[in-house]
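Welcome, and thanks for taking a look at this protein. Please have the sequence and the 3D view open side by side as you read.

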Amino acid sequence: MIRRYLILRVMSQKSKPITITSSQGRHRTQRKLDTLEALADLYCARTKDIARYVRNRIPTVNDLRATLATLEILQHFDRKNLIIKKKIFGIGNVYGLSQSGVNFASDKMGIITAREFEIRDIEHELLITSFHIHLREFARRNNYEFTWEQEAIDHKKLINPDAIATLTTPKGTFYFCIEPERQKFNENFLKKAKKYFTVFRKPEAEELFGSKEFRVIFIVDTERKRQTVLQKFAEEYPYKMFWVTTVPLFQHDIAGQIFKTPKDYRTNSYSFLDI
């Protein structure tokens, strides 16, 4: 399976060169390319998400203004709309790549995993974006190699994680299937857990995720919901392959002891630093 960050490193040497003309030279600055790359990787993002991704830190007011100005330019770049902007009630403006943006990212920047932005469950998509950014920052702080894959749903596959992340530490490479769950607990949680458990340590897992061994990270809204998930999983799937956390916990400190498993949730917590 494709690992996007590895692609970016390899394709930067092989992708088609960007030819600069007097007209193109006024627009194709590094800031614009960085913004397009951010949208290609994040798929769906707000101004503050893009600014944080590009700068690898919490953005300042000036950072936000500069990012917003760049986004406005990219909507009319070279007489094409490279990005899509949608105003969502209660959220504000959300951005993603248009098909022209996808073509540009692929042909000129070598980012072949870029996807066109489609309006679906925006809050769900933004939750994935937030976790992506925080985990990427964690990897940088600890000098871990990090990859992230966020593909469109393939109905031919048994399992379609919202994303697949890897962290390569001195101990090896570890795989994580990311599953944000905003709805109330229902039988679909258990059905999803069963699918993952069925392929764990089997060749099918390597085909689906890139490794026979992996962890599944369930991200829920509240601590109360997390306790419900852990209790229900403990009855049928009491295994450490399932890590459960909450949005406030990972957004506060993704390096902390923020994960619990159905196996020992009453006594232990885990961290990415424990792997």
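**Overall make-up**

Please keep in mind that this is a predicted model. The protein has 11 helices together with 7 strands. Of its 275 residues, 50% count as buried. Looking at contacts between residues at least 6 apart in sequence, 59% join residues at least 24 apart.

**The sheet and the helix across it**

In soluble globular proteins, nonpolar side chains tend to be buried together. Here the largest nonpolar core holds 27 residues, and Phe131, Leu135, Leu167 and Phe272 touch the most other members. At least two residues of this core come from each of helix 7, strand 3, strand 4, strand 5, strand 6 and helix 11 (247-252). Helix 7 gives the largest share, 6 residues. Another core, of 25 residues, lies apart from the largest one and has Ile164, Ala193, Val216 and Tyr237 among its members.

Which residues does Phe131 touch, not counting those up to four places away in sequence? They are Trp148, Ile178, Ile217, Ile219, Phe250, Ile254 and Phe272.

**Helix 3 against helix 5**

Two packed helices are described by the angle between their axes and the distance between the axes. Helix 3 (residues 30-42) packs on helix 5 (residues 61-74) at an angle of about 85°, and their axes are 10 Å apart. Helix 3 is therefore roughly perpendicular to helix 5. On the helix 3 side, the contact involves Arg31, Lys32, Thr35, Leu36 and Leu39. These meet Ala66, Thr70, Leu71, Ile73 and Leu74 in helix 5. By class, this contact has 6 nonpolar, 2 polar and 2 charged residues.

**Two residues to look at**

| Residue | Element | Relative accessible area |
|---|---|---|
| Thr169 | strand 4 | 10% |
| Glu235 | helix 10 (residues 223-236) | 61% |

Is Thr169 buried or exposed? Thr169 counts as buried, because its relative accessibility of 10% is under 20%. Leaving out residues up to four places away in sequence, Thr169 touches Tyr144, Phe174 and Ile275.

Glu235, by contrast, is exposed, because its relative accessible area of 61% is over 50%. Along the chain, Glu235 and Lys263 are 28 residues apart, and their C-alpha atoms are separated by 9.7 Å.

Technical notes. Residues numbered from 1 in each chain as written. Predicted model: local features only at pLDDT ≥ 70, side-chain atom pairs only at ≥ 80, totals over all residues. Heavy atoms only, no water. Axes fitted to C-alpha atoms, helices over the stretch in contact; angles between N-to-C directions. Helix = DSSP H or I, 4+ residues; strand = E, 2+ residues; numbered from the N terminus. Parallel < 35°, antiparallel > 145°, perpendicular 65-115°, else oblique. Contact = heavy atoms within 4.5 Å. Nonpolar A, V, L, I, M, F, W, Y, C, P; charged D, E, K, R; others polar. Buried < 20%, exposed > 50% of the residue type's maximum accessible area, 1.4 Å probe, protein only. Core = buried A, V, L, I, M, F, W, Y, C linked by side-chain atoms within 4.5 Å.
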